[in-house]
Amino acid sequence: MEKSGQGCCSPRRVVLVPAPFQGHLNPMLYLGSILHSKGFSITVAYINFNSPDPSNHPDFQFLQIPFDPSELLQIYRGEYITFMLMLSEYCESPLLECFSQIKEKRDDSEKISCIIHDEFMSFSSAAATRLKLPSIIFRTSCSTTFISRHCLLHLTIEDLDSEELVPELPYPIRFKDLPLNTLGTLENFLKLVVNIENTRNSSAVIFNTMEFLEESSLAKIRRESHFPIFPIGPMHKIASASAGNLLEEDRSCLLWLNKQADNSVLYVSMGSVASMEEKDVTEMAWGLANSKQPVLWVVRPGSIKGYEWIESLPVGLMEAVRERGYFVKWAPQKEVLAHPAVGGFWSHCGWNSIVESLSEGVPMICQPCFGDQKVNARCLSHVWKVGLELRGNLERGEVEKTVKRLMVKDEGEEMRKRAMDLKRKVEISIREGGSSYSSMNELVGLIMSF
Ligand code: UDX
């Protein structure tokens with residue numbers, strides 16, 4: 001059978017514009033692999049910061065957007081929200097220059113079907129309008145975050161401490177869980193939200209989620225939006241190629257996992273952006289050591305504020321953790337979560353980590369740091385009931401108790417069963433006839449219709 005993107009008429013190219021962060025690049029590159037397997041040619045137009053590695057995707061064309069972000073990064077060090085807002089101001093014309101290059105290089109019969117851009121790269125939609133091309137938004141966080149973020153536009157800062165449930169949301173999300181992002185000023189964050197909510201010029205929105213997981217939020221978006229939405233997750237399970245990593249994976253942890261009993265290991269990782277205070281890491285380490293559970297702990301270089309790696313931990317404490325634990329700087333996370341020895345995941349609740357954990361039936365300890373992670377943590381603990389929340393300052397006794405609740409108590413076993421049930425639903429959703437499978441085909445149909 002002919003692949004869709006090489007249909008009867010002319011070959012088709014899709015241009016992807018990812019945001020320059022690991023948690024955004026990965027799902028966009030998975031989407032590229034999936035569309036490539038459907039016959040589309042893929043161009044990735046990327047910013048010269050956290051750049052993807054072209055060697056992982058020899059079939060894709062990679063073009064650097066001709067804009068140097070180094071000055072912005074210096075001015076807004078760590079203030080990623082403001083950085084993203086500034087990118088939007090400067091990058092429309094440079095992206096148009098990329099299109100001149102694509103046109104020069106492509107064969108005459110090839111047609112550019114559309115631009116698919118990360119929601120944070122909203123300048124792409126303006127560029128698409130100028131080029132008279134359709135554009136599609138890819139939201140890498142969940143659909144419940146999308147509708148929760150909208151609520152922020154009508155609130156005062158005082159409302160955001162409230163324990164009350166937000167009435168317009170279909171799930172029990174409190175005002176204090178709303179996805180305020182502190183990596184920049186509030187004013188700039190709200191400007192960014194207005195930017196990314198602007199779907200005026202877009203033909204559709206893609207989510208890396210599953211219908212069964214967020215049915216009510218997806219239904220609310222469908223009722224209230226004028227564009228089609230495509231929940232086509234979990235993309236890492238559908239794509240044939242790996243997305244690659246910005247840091248080098250330490251695969252030795254898989255050998256260590258091979259020596260551990262089934263479901264005994266707690267995997268600990270705070271993703272690619274979040275950082276922690278030294279005192280919280282120390283309480284965390286004491287709690288983990290005292291729990292006597294085996295631990296595989298990812299400490300990303302620079303993720304303990306003021307330290308390069310784990311030199312902030314006293315030698316005795318390090319030894320206590322190492323007695324049953326293993327430290328790495330970056331793990332092959334998807335393989336770790338799929339390993340039979342892993343029985344729990346202590347996470348900052350980035351959306352990719354959640355999708356990866358649920359795809360393997362692993363329940364979680366939820367320690368959200370900022371933004372969408374608070375919404376995600378609340379869904380894990382109160383909607384899907386496969387997570388225990390740890391919020392605020394960490395305390396070693398509380399850490400030890402929570403680890404034992406998840407790893408050894410009946411309560412944790414119940415969560416593991418519910419997580420396994422979600423894993424089965426994930427498998428069904430990506431099989432022929434499943435919701436993500438069908439949604440993907442509809443998305444391909446839409447792109448072919450452009
Ligand atoms: C950021 C935000 O924190 C998150 O809330 C948002 O949903 C996406 O952008 P990040 O902090 O990177 O994401 O977390 P997450 O979404 O979980 O993505 C991290 C990715 O890095 C995952 O795909 C994970 O598999 C990968 N990873 C992480 C590794 O491969 N190895 C590691 O050791 C740690």
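1. Arg391 sits in the loop that runs between strand 13 and helix 16 (396-407). The model is a predicted one, and its values should be read that way. Arg391 has 14 C-beta neighbours inside 10 Å, so it counts as partly exposed; a buried residue would need 20 or more.

2. Arg391 and Gln367 are 24 residues apart along the chain, yet their C-alpha atoms are separated by 5.9 Å.

3. Helix 15 covers residues 372-383. At 1.5 Å a residue, its 12 residues should span 16 Å, and the end C-alpha atoms are 15 Å apart, which agrees. Just after helix 15, Lys385 has a positive phi of about 55 degrees.

4. Is helix 15 enclosed or open? Of its 12 residues, 10 are buried, so the helix is largely enclosed by the rest of the structure. The buried residues include charged ones, among them Asp372, Lys374 and Arg378, as well as Val375, Ala377 and Leu380.

5. The ligand is surrounded by 26 residues, and the closest are Gly23, Gly271, Gln333, Gly350 and Ser353. Helix 1 (22-37), helix 13 (333-338), helix 14 and helix 15 each give two or more residues to this shell.

6. By residue type, the shell around the ligand has 16 polar, 7 nonpolar and 3 charged members. Domain 1 (12-245 + 432-449) and domain 2 (252-408) each supply at least three residues to the shell.

Notes. Residues numbered from 1 in each chain as written. Predicted model: local features only at pLDDT ≥ 70, side-chain atom pairs only at ≥ 80, totals over all residues. Helix = DSSP H or I, 4+ residues; strand = E, 2+ residues; numbered from the N terminus. Expected span 1.5 Å × (residues − 1). Near = placed C-beta within 6 Å. Domains from an automatic or database assignment.
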